[in-house]
Amino acid sequence: LRDFGSVSEESKVIKADEFDVMVHFELDDSSWELKGVEQCPGYYLVAKEADAEDSDTFLALVDENGNLSPAIVICKFQQIISNMIKQDEEGRYVLHISSEGTSVTLNVEYDVDGDCRSLKINFVPSLVFGSTWIVAQPNPSSSDQDNLWRQSFAGEEYQRLKVKKHSSYSV
């Protein structure tokens, strides 16, 4: 899990009521290939290799062309989180789940001394190929390319903000 977004970057305005958590999945490099798409810079296909082992968990999430489908991954991810929230049998929280683009959002409502509060936790599934991070976000300008993954720079942004936070500089 990688905490990212305005709260972890200490740039949240007003109050911390929305959190972003990037959930990394590492694929077996011998089973998968990251292919850049020339007409869509910053977007990739994640293609299974012809000799990919059947034991790879992600093989069940490929489309008819052998590409890892962002839509199928998001759907499966939502199912996993839904199953997890069903386990809150004590009813201390009101939990709702929704899918918003590249993330699965868990809306949490809870009571603090009679004051009803809420927060959102956005879980963003991502894949890591070496130093390249990608998220399940199809290209909005290309309807025929709905199996593309968008490159994410969250890791680089996180490192840069971390360095700035800990370095001293004068204005």
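Student: Which residues does Ser126 touch, not counting residues up to four places away in sequence?

Tutor: Heads-up on conventions: residues are numbered from 1 along each chain as its sequence is written, and side-chain values use heavy atoms, with hydrogens and water left out. This is a predicted model, where local features need pLDDT of at least 70, side-chain atom pairs count only at pLDDT 80 or more, and totals for chains, interfaces and linings use all residues. Taking contact as heavy atoms within 4.5 Å, Ser126 touches Met22, Val23, His24, Phe25, Ile134 and Val135.

Student: Is Ser126 buried or exposed?

Tutor: Ser126 belongs to strand β7 (residues 115–129); helices (H or I, at least four residues) and strands (E, at least two) are DSSP runs, numbered from the N terminus. Buried means under 20% relative accessible area, exposed over 50%, and partly exposed in between (1.4 Å probe, protein chains only). The relative accessibility here is 0%, so Ser126 counts as buried.

Student: Which side chain makes a polar contact with the side chain of Ser126?

Tutor: A polar contact is a pair of N or O atoms within 3.5 Å; within protein, one must be able to donate a hydrogen and the other to accept it, and residues adjacent in sequence count only if both atoms are side-chain atoms. At 2.8 Å, the partner of Ser126 is His24.

Student: How many residues apart are the two members of the aromatic pair?

Tutor: Rings of Phe, Tyr and Trp (its six-membered ring) pair if their centres lie within 6.5 Å, with planes under 30 degrees apart counted as stacked, over 60 as edge-to-face and the rest as tilted. Searching the whole structure gives one aromatic pair. That pair is Phe25 with Phe77, edge-to-face at 6.0 Å centre to centre and 85° between the planes. Phe25 is in strand β2 (residues 18–26) and Phe77 in helix α1 (residues 70–85), so the pair links distant parts of the chain, and the separation is 52 residues.

Student: How far apart in space are Thr57 and Leu27, C-alpha to C-alpha?

Tutor: Thr57 lies in the loop between β4 (43–48) and α1, and Thr57 is exposed, with a relative accessible area of 65%. In sequence, Thr57 and Leu27 are 30 residues apart, while their C-alpha distance is 9.2 Å.

Student: Which residue forms a salt bridge with Arg117?

Tutor: A salt bridge is a side-chain nitrogen of Lys or Arg within 4 Å of a carboxyl oxygen of Asp or Glu, and a search of the whole structure finds one. Arg117 is partly exposed at 37% relative accessibility. With the closest N and O atoms 3.2 Å apart, the partner of Arg117 is Asp115.
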